[in-house]
Structures are given as C-alpha cells and as structure tokens.
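Let's walk through this one from the inside out.

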Amino acid sequence: MITFRDVHKAFGEKKVLAGLNFSVHSEEIVFLLGTSGTGKSVTLKHIVGLLRPDSGNIQIDNEDITGYSEEDFALIRKKCGYVFQHPALFDSLSVFENVAFGLRAHGELQESQIQDKVTQSLELVGLRGINEKYPHELSYGEQKRVSIARTIAPGPSYLLFDEPTTGLDPITTNAVNTLIFKLSRKLGVTSIVVSHDMGCALKIADRIIVLEAGRLAVDGNVNEIWSCSQPLVKSFLEEVRLSGVDIKRFDEENPHS
Amino acid sequence: METLIEVKNLEFSYPGLPLFKETSLEIKKGEVFVLLGPSGSGKTTLAKLLAGLIQPKQGTVLIEGLDIFDPKVPPLKRENVFKKVGMVFQKNALFDSLNLLENITFPQKERLPERSQAERLKRAQSLLDRVGIGSFPTLFPDEISGGMQKRLGIARALALDPEILILDDPTAGLDPVTSRDIADLILELQKEKNATAFVITNDVSRATQMGDRVGLLKDESILLIGSPEEMKSSQNPAVKQFVEGLLNGPFGDYQMEVS
C-alpha cells in the first residue's frame, strides 16, 4: 500500500502539490488523471525518492519513507518499477543488455540468474528471439515492451507508469493499455498509471484518482466516475464522448484473461 | 466551392519505405480537412509535400491551380503561393534563441520586408495576445509550458496572414482540456479568415471537433471517410480498427501477448 498524507511540494514560487492525500491498495490498478502541471508525474517521482516533499509524509507498505536516505531509496526503487513515457532504452546496448542492466546494477545475481530473469521478463511481454537486436531495429511497440521488461525484471511489487499512451495512435494506445492490465494481473502487482486518457482509465482501472491544482479532486471507481458531475471529470468524459467510441471494460470483454 | 489544394497521383518513398502511391486529394477553400493515420503511415511527410518542403517522386500538388513542383514555374510565383501557407510543426520548431515576440517578428522580416519593424512588433504582440500568451513577450520558448509553446507555434504560423494552414499534430502530447482549447482557438482563427486547413492528428476526438471532412491514411493512399459523423458510423474495417483502437484488423495485429 502507498499512502500520501498532506504532501506539499513547491518549485520556487510554483506550488505543485498542495496537500495531496490518497492511498493505493495492494494489487489495484489506479489511474492518476489530471491536466498538465497538476503534479501527476511529480507524485510518481516522490514515490521513488527522485523528489522529496516539502512537508507531509509518504508511506510505502506501512513504512514512512519521508526521511529516507539515498541508500534507503535503493530498496524502494527495487520495489517500485518506473516505466518512462518514452521507452528510454540504451541505444548502444542489445535488448538483452537493456533488460539485464538494472539486474546487474543491483549486483546480487549470478550471470545464470540474470540470463533466466531477462528471458522470463521478455517472454512475459510477448517478446522472443530478439535478445541480440538493438533498439533501432525494433518497432515502437516492441521498444515499449522491452522497456517494460526492463522494469519488471528485478521483480517489483509496484509498477509506476508515466503517461504510457500519450501521443500514441488509438490502436497502439489500446495495445499498451491492454498490456498494462494483463501484466498487472498476471504478476499480481499494484500499478499506478499517470495519464490524460480517460478512455484508457475507464477500460482497465480499478480506481481513478483525479488531481486538480495539486490536490485530490475526485477518487472513485469506474461507475462513480461515469456519473460524476465534477467539472474536470466531466471535461475528461466529454473527450471520450467526442471520440464516439463505446467504452467496454477489458475484464468484461475478456472474462478469462 | 473552389478547390484550393489538389494532390494528383502522388508517389513518394523513403529508401525501403514506400509511403504514397497514386494518392489524390482535393481540399476546398475554407474547408478543414483532417488526416488520421497510425504512427509511421506518412502523415507528416504528406504535410511536408503540401508545404513544398520535400519533392514527390511523381505526381503533382496544385495550390490555387499552381503546380508547386513544376520547374518551369518562376520562383517568384512559387514564393507568392508559399507566402499564403502557414505551418505548425509537430515539435513546434520554435527559435530557441529568440524570445516569444521575436519568434513572430522574424518570419515577417524574412517574408515581408516591406512591413516596418514597428508594424511587425505590433502584429506580433497582437498575435501573442490572441493566443493567450501576450503577458510575457520577453520569455524564451524553453521558459513556457508545452501548451504555450503550441500556442506560440500557432501565433507564428499566423504572422503572415496565411490563407492555408498546414497543422502537423497541433495538439500532440497535450492533455485533453488543453487540446480542446487549442483546437477551438485554431478553428476560431481559421473561421475569421475563412482559411483552409489541413490538419494531421491521430486523435479521433480532435478529428471530430475540427474536421469538416476526415480521411485516413491506409495502404499508401488516403481513404476518404466523410464527415466526423460518418467516421463514427463507418463500417469500413480500417476505419473501425483505427477509431475504436481494435487490436486486429487491416492495419495488422497489435496484440501484445502476456505469457
């Protein structure tokens, strides 16, 4: 479980988090939605200690991490895998070495164990036989999957996705969104997805948290969001209506997956 | 309505990557035509072809009846046509070392030497005001947000009072609220001048909001869909796959298996 209690964060004059409170429970898929600049990515960065709060506290698995040292955060970062918006692969490393990189950095594994974990992680995201390829030889979708394999290889219990579908076409968006759902359930991890895409959230989220001006504005399940009259939520729902697509829950469409 | 832009039997490819084959398109004066298509299908390339930034292998692009790639056309005549075109680039392509105001005076200096510097400045400030970023004209592009950079790109494209707007994914990467604002702003400015717009996007909501007519890039050609309403009710499998984001269909299998 991850809990934010009255977290404040400012950059100079600019207050980004202004008393943020929320919790994410074990094995949930939670979407953090909001317009640009409302602190969604800043929230994710606080979880892995890339940013520290000015005040308030953050707990992960009932431990207060607010005062953690850099060394303490090494453990948190092993527990919380971060998937960047763009694949951010190392161009000069093969697919295998990209996925092995984090495992080697943790420095506790034998080479044979690394081999096994890399292969397992790549297979988990549906990639086989591309170990020796380089990022430029892969499609965008494949690069995205390699980056996710790299994140899951150390066995995190939390997956943090920073705008995984922003800027993608609708087909790739749906493919990535579906992958997030299947992978989260398969691994039994807790996923936090920072996004602008209400359609994606309505398809796979267990809970949707809407941030506005650095605070929690709305927190609800999909049904509650559909009937919510909060202006920002309505504005996001309007976007779904404009797309004209009939949103179906992934788990209802695919009951056995 | 008269045809303003006419693309006839266009052929274009990058080495090993064919993009267009016998592609044709007509856009009428005052019309907003939205082109959808998956990443890598050639949308930006088509925008560059229309703007005369790259040359087709074959085929013609006529703007106001002038064949922009015809080597026999005098350069001055071609130049006069391109003066009427304003382009917004996907990645903004702003001048990093110029402040907001200077980003808009610069193209005027290049293209409209007859305008006085005082007039250019006045025009630049009024455009910044118009797109809602007029209160900090001396900031630099990297000091403003992504949405503001888009607004600056739009203001710059309008500096020469274009009759034709070529907009390459003008809302890419923006949140839906900002995207909708920017799209509204573009439509407002387009309507004021009865300008003709060619808009590229992969966002179906934007196509609905902006398009008089919508097309989809498929099989190296433009599939004309019709109005946004026709797009939503279309039974064409490619249109359905794109609009609904279906993982299987004419665009291929996008399924990402988890095993």
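**From core to interface**

Start with the largest nonpolar core, which has 56 residues; A:F31, A:V146, A:M198, A:L202 and A:I208 are those with the most contacts inside it. The biggest contributor to this core is helix α6 of chain A (residues 170–187), which gives 6 residues. Keep in mind that you're looking at a predicted model.

Now click on A:V146. Leaving aside neighbours within four places in sequence, A:V146 is in contact with A:L89, A:V95, A:N98, A:V99, A:L122, A:L127, A:I130 and A:L138. There's also another core lying apart from the largest one: 45 residues, with B:A124, B:L152, B:L167 and B:A197 among them.

Next, the place where the chains meet. Chain A puts 36 residues into the contact and chain B puts in 30. Between them the two chains bury about 2,700 Å², and 60% of that is on carbon and sulfur atoms. On the chain B side, keep an eye on B:M256, B:V258 and B:S259: they supply 26% of the area chain B buries against chain A, more than any other three residues.

What about the polar side of things? Across the interface the rule finds 2 salt bridges, and 11 residue pairs in polar contact. Zoom in on B:R206 and A:E239, whose side chains meet in a salt bridge at 2.7 Å, N to O.

As for which helices do the touching, α6 (176–193), α7 (204–210) and α9 (237–244) of chain B each supply at least two residues of the side facing chain A. The largest share, 5 residues, comes from α7(B). By type, the chain B residues touching chain A divide into 13 nonpolar, 10 polar and 7 charged.

Key. Residues numbered from 1 in each chain as written. Chains lettered and ligands numbered in written order. Predicted model: local features only at pLDDT ≥ 70, side-chain atom pairs only at ≥ 80, totals over all residues. Heavy atoms only, no water. Core = buried A, V, L, I, M, F, W, Y, C linked by side-chain atoms within 4.5 Å. Buried < 20%, exposed > 50% of the residue type's maximum accessible area, 1.4 Å probe, protein only. Helix = DSSP H or I, 4+ residues; strand = E, 2+ residues; numbered from the N terminus. Contact = heavy atoms within 4.5 Å. Buried area = accessible area lost by both parts, 1.4 Å probe. Salt bridge = Lys/Arg side-chain N within 4 Å of Asp/Glu carboxyl O. Polar contact = N/O pair within 3.5 Å; in protein donor to acceptor, adjacent residues only side chain to side chain. Nonpolar A, V, L, I, M, F, W, Y, C, P; charged D, E, K, R; others polar.
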